[in-house]
Amino acid sequence: MTQHWWQRATVYQIYPRSFQDSNGDGIGDLPGIISRLDYLAELGVDALWLSPVYQSPNADNGYDISDYQAINPEYGTMADMTRLISEAAKRNIKIVMDLVVNHTSDEHPWFVSARQGSDRATRDYYVWADPVDGHVPNDLTSGFIGGSAWQWDAESEQYFLHLFSEKQIDLNWQNPKLRQAIYQMMNFWIDQGISGFRMDVIDMIAKEPLNKVLVNGPRLHEYLHEMNRQTWADRDFLTVGEAWSASPQDALRYSDERHQELSMIFQFGHLWADRRIGGDKWEERPLDVERLKNALYECQTTMATHGWNSLFWNNHDLPRAVSRFGTTGPQRELSAKMLAITLHGLKGTPFIYQGEEIGMTNCPVNSIDQVDDVEARTIYCQLRQRGDDADTAMQKINVFNRDNARTPMQWNDDPYAGFSTTQPWLSVNPNYREINVVSAQARRQSLWWVYKQLIALRHQEPVLQNGKFEALPAMPASVMAYTRTWKQTQWLVCGNYSAQAVSVKLPQSKSTLVISNYPDGPGQLGQTVLRPYEAFIVALN
């Protein structure tokens, strides 16, 4: 397998609206990102994944694109984007653009024209259907707003499809002209000097809605292979697809280099470890560590020789990692370091979400009026309709509400956390005076320094880049323990996901400490007592 830059890299996700405001309007922007490039270079990251910065009416904070080749004025200009790519490159940082090609905004010129008549050139860029017995074609529903996913267009007397909000209109990938228009747009951005795409809900592009096939449509891999061949085929280019439906076997199919599709996908199996089986993502259950690590382990073994893993705990759609899998009490940093060490020891490309490196936490609110997330607002209404009272519904919303990940980056203890000089678009988490970058960088034992060290190890150590994964058998449920082996080098990675001490049997071997979240590291291996949330990597001699 050819070695690619992204197999040695760590990617840092930026949610531009919440990263750094440069002009005092309360909204993060491209010049703000540029002003923080030295910080990102110091951390050591290799690439920045930007959530969408394209022209958009912001029905879903940029995931409803009205012009793929223009920048939203809230974020800046195309000149700012060009400068970001250039300034990042000076610091050996690559730019990865978020790409949404399952749907566009209803304000995109393609759809504006399509609504003007069935003879329009872009009419079949979208999914249209005739009424069935005078009603909607079938019972598909919209995930973001509830109700039917079909909307009536009186002028043409047909329905069009929107599986998300009514302003996010699904594209018809069966139309070869639509696909060529998308590839042309992608090549525009590749020519600007970017180094990758993250592809939103990529498993949905081959949908067949009249057959109720919404994910993993029969032509999905055909389309991805065609996309590969017509865009980045001859470049060392990172492509990562979001695929909530994917199993580890699906992830292998997407990322197997012999198929010439994507570099990797985001596979979410491990993130069901605290959600009710058979329920939805708003139904919480106690964290099942056994289920969590088994899901991660299966990805490691399935893609042991072909394909590639993405490694992540959180992103702009998910709760903060330490609030979800660790603790926000006095052991917050200790548990966050444990999460970092046990994930970054795995084989794959690590993705860090902004603020993860300082242990930013969820930000509960008291009322639905304080929630911006369009999905959460819809779910709140549905929970109330099902019988939940307001307090119960808000408890559920506060756990998985996407706003948890979108509160402004906490840079310092100045008003508004150094993000802006005015009230931000979304309120800052009140704990910013204790949890912020300046405070974290000032303490050499902080979480920030652990992330910096893990990123450096990924650059330096072939065992992390290429080493074979093997889970240690007979571990307690709360303990993740595995080895990585490359040639004559073997590392042991171990972490206790519990607030209680636990006894484990580790390999009887001399060892050299690589990294630990306790100042003194582990004692002698063999029968070992792991302290609360203890994690370490040791080289076995």
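**Figure 1. Pairing of strands S7 and S9.** Strand S7 and strand S9 (residues 158-161) run antiparallel and are joined by two bridges. Strands are DSSP runs of E with at least two residues, helices are runs of H or I with at least four residues, and both are numbered from the N terminus. Ala-129 has Tyr-159 of S9 as its bridge partner. The open sheet here consists of three strands in the order S7-S9-S8, with antiparallel pairing. Its edge strands, S7 (128-129) and S8 (150-153), each pair on one side only; two strands are taken to pair if DSSP finds at least two bridges between them. The model shown is predicted: local features need pLDDT of at least 70 and side-chain atom pairs count only at pLDDT 80 or more, whereas totals for chains, interfaces and linings use all residues. Residues are numbered from 1 along each chain as its sequence is written, and side-chain values use heavy atoms, with hydrogens and water left out.

**Figure 2. Strand S19 and its partner S21.** Buried denotes under 20% relative accessible area, exposed over 50%, and partly exposed in between, with a 1.4 Å probe and protein chains only. S19 runs antiparallel to strand S21 (residues 527-530), and four bridges join them. The bridge partner of Ser-503 in S21 is Val-529.

**Figure 3. Helix H11 and its ends.** The 13 residues of helix H11 (residues 374-386) should span 18 Å at 1.5 Å a residue, and the 19 Å between its end C-alpha atoms agrees with this; the expected span is 1.5 Å times one less than the number of residues. Buried in H11 are Glu-375, Ala-376, Thr-378, Ile-379, Tyr-380 and Leu-383. Helix H12 (390-400) is included in what covers these buried residues. At the N-terminal end, Asp-373 caps H11, with a side-chain oxygen 3.0 Å from the backbone nitrogen of Glu-375. Just after the helix, Gly-387 has a positive phi of about 120 degrees. Asp-373 and Glu-375 also belong to a network of salt bridges that links them with Asp-60, Asp-317, Arg-402 and Arg-406. A salt bridge is a side-chain nitrogen of Lys or Arg within 4 Å of a carboxyl oxygen of Asp or Glu.

Figure 4. Asp-200 and Arg-198 form one of them, with the closest N and O atoms 3.0 Å apart, and both residues are buried. Arg-258 forms a salt bridge with Asp-256, where the closest N and O atoms are 2.6 Å apart. Arg-258 counts as exposed because its relative accessibility is 56%, whereas Asp-256, at 3%, counts as buried. Glu-534 and Arg-531 meet in a salt bridge of 2.9 Å, N to O. Glu-534 is buried, with a relative accessible area of 2%, and Arg-531, at 24%, is partly exposed.

**Figure 5. Arg-458, a buried residue without a salt bridge.** Arg-458 lies in helix H14 (residues 447-460). Although buried, Arg-458 has no salt bridge, and the nearest side chain of opposite charge, Asp-46, is 8.2 Å away. Lys and Arg count as positive and Asp and Glu as negative, while His and the chain ends are not counted. Leaving aside neighbours within four places in sequence, the residues in contact with Arg-458 (heavy atoms within 4.5 Å) include Arg-8, Leu-311, His-344, Pro-350 and Gln-465.

Terms used: Polar contact = N/O pair within 3.5 Å; in protein donor to acceptor, adjacent residues only side chain to side chain.
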